[in-house]
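User: Please take a close look at a single part of this structure. Then connect that part to what surrounds the rest of the chain. Keep it brisk.

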Amino acid sequence: MKLSTLAGLTAAAALAAVPLTALAEDHDEAPALASAWMFAPKKGMGAEFEAAVKEHIAMRVDTGDSRAWQTYVPVVGKRMGVYTIRYCCFDWADQDAYLAESGDKGFGEHFNETVMPYVDHMQHYLERMDMENSSWPENSDDLKLFGVTSWIWEEDAGMEVDEVRKEFSQTAIEHGWGEENPWLWINRIGGKPTLMLVTPHTSYADMAPPEQSLFEFMVANTDMGAEEVGEMFETFGDGFESSDYTIWAHRPDLSLPLND
């Protein structure tokens with residue numbers, strides 16, 4: 001990945017999708033896992049799929065689902081027409097309890113009867129948030145769009161790649177860049193080893209690049225010069241075989257009500 005590309009992504013957008021109110025809590029106490037299901041409807045059955053999801057959501061609300069699942073759709077990128085249904089946040093032990101709840105309340109059976117007839121294929125991932133090296137806004141109620149950059153790790157990527165990620169993240173946090181330019185790091189569990197960077201936005205206008213990029217910010221606020229900062233970003237970029245950028249929009253009409 002070229003330095004100019006990485007610096008632009010890190011500075012302007014680029015972190016798969018969440019109104020994660022819980023992430024504003026203390027980093028040491030907040031659960032760090034999310035569950036994300038991705039669905040591709042059968043060709044020409046998008047409307048039927050959405051109607052079935054709404055029927056299934058109503059069943060979960062009536063039955064009392066303890067998880068407020070949220071739905072997102074891509075509006076920019078190559079995955080158009082898919083839906084991600086996601087819940088955050090929980091711990092590993094919570095997953096055992098939820099699987100028991102799901103079985104007792106018949107969530108899976110109802111989903112298979114109502115939604116699955118319109119599904120072409122699906123995927124399921126767990127995600128681990130790195131809150132220590134992220135800067136998420138305390139108020140996430142107005143967030144509507146989420147820029148997500150996904151990097152596929154090189155097989156021989158060394159530890160120095162993750163170390164420089166943490167270093168430039170901590171610099172941004174400690175010197176206040178993250179207050180106006182929030183982001184979230186996510187490691188995907190399942191499939192190819194993937195690192196994701198999520199940036200939340202209230203509108204398309206909110207996605208305009210900041211006046212000062214992270215690269216420029218680090219040069220101005222640290223003892224490192226442009227060459228040293230550039231080497232950091234180069235080291236990070238060399239740790240990945242490919243990258244992909246998608247903008248996801250939140251769909252409240254296909255989501256369970258958020259908990260108070």
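Analyst: Glutamate 160 is partly exposed, with a relative accessible area of 46%. (Buried means under 20%, exposed over 50%, and partly exposed in between, with a 1.4 Å probe and protein chains only.) This is a predicted model: local features need pLDDT of at least 70, side-chain atom pairs count only at pLDDT 80 or more, and totals for chains, interfaces and linings use all residues. Residues are numbered from 1 along each chain as its sequence is written, and side-chain values use heavy atoms, without hydrogens and water.

Glutamate 160 lies in helix α5, residues 159–174. Helices (H or I, at least four residues) and strands (E, at least two) are DSSP runs, numbered from the N terminus. Methionine 232 is 72 residues away from glutamate 160 along the chain, yet their C-alpha atoms are separated by 9.5 Å.

Now the strands. Eight of them form a closed barrel, in the order β1-β3-β2-β8-β5-β7-β6-β4, with antiparallel pairing. The twist averages 35° from one strand to the next. Axes are lines fitted to C-alpha atoms, for helices over the stretch in contact; angles run from 0 to 180 degrees between N-to-C directions. Strands β6 (183–189) and β7 (194–201) pair antiparallel over five bridges. Pairing takes at least two DSSP bridges. Tryptophan 185 stands opposite leucine 197 in β7. Helix α3 (92–105) packs on the sheet and touches β1, β3, β4 and β6. Contact means heavy atoms within 4.5 Å. The direction of α3 makes about 120° with that of β3.
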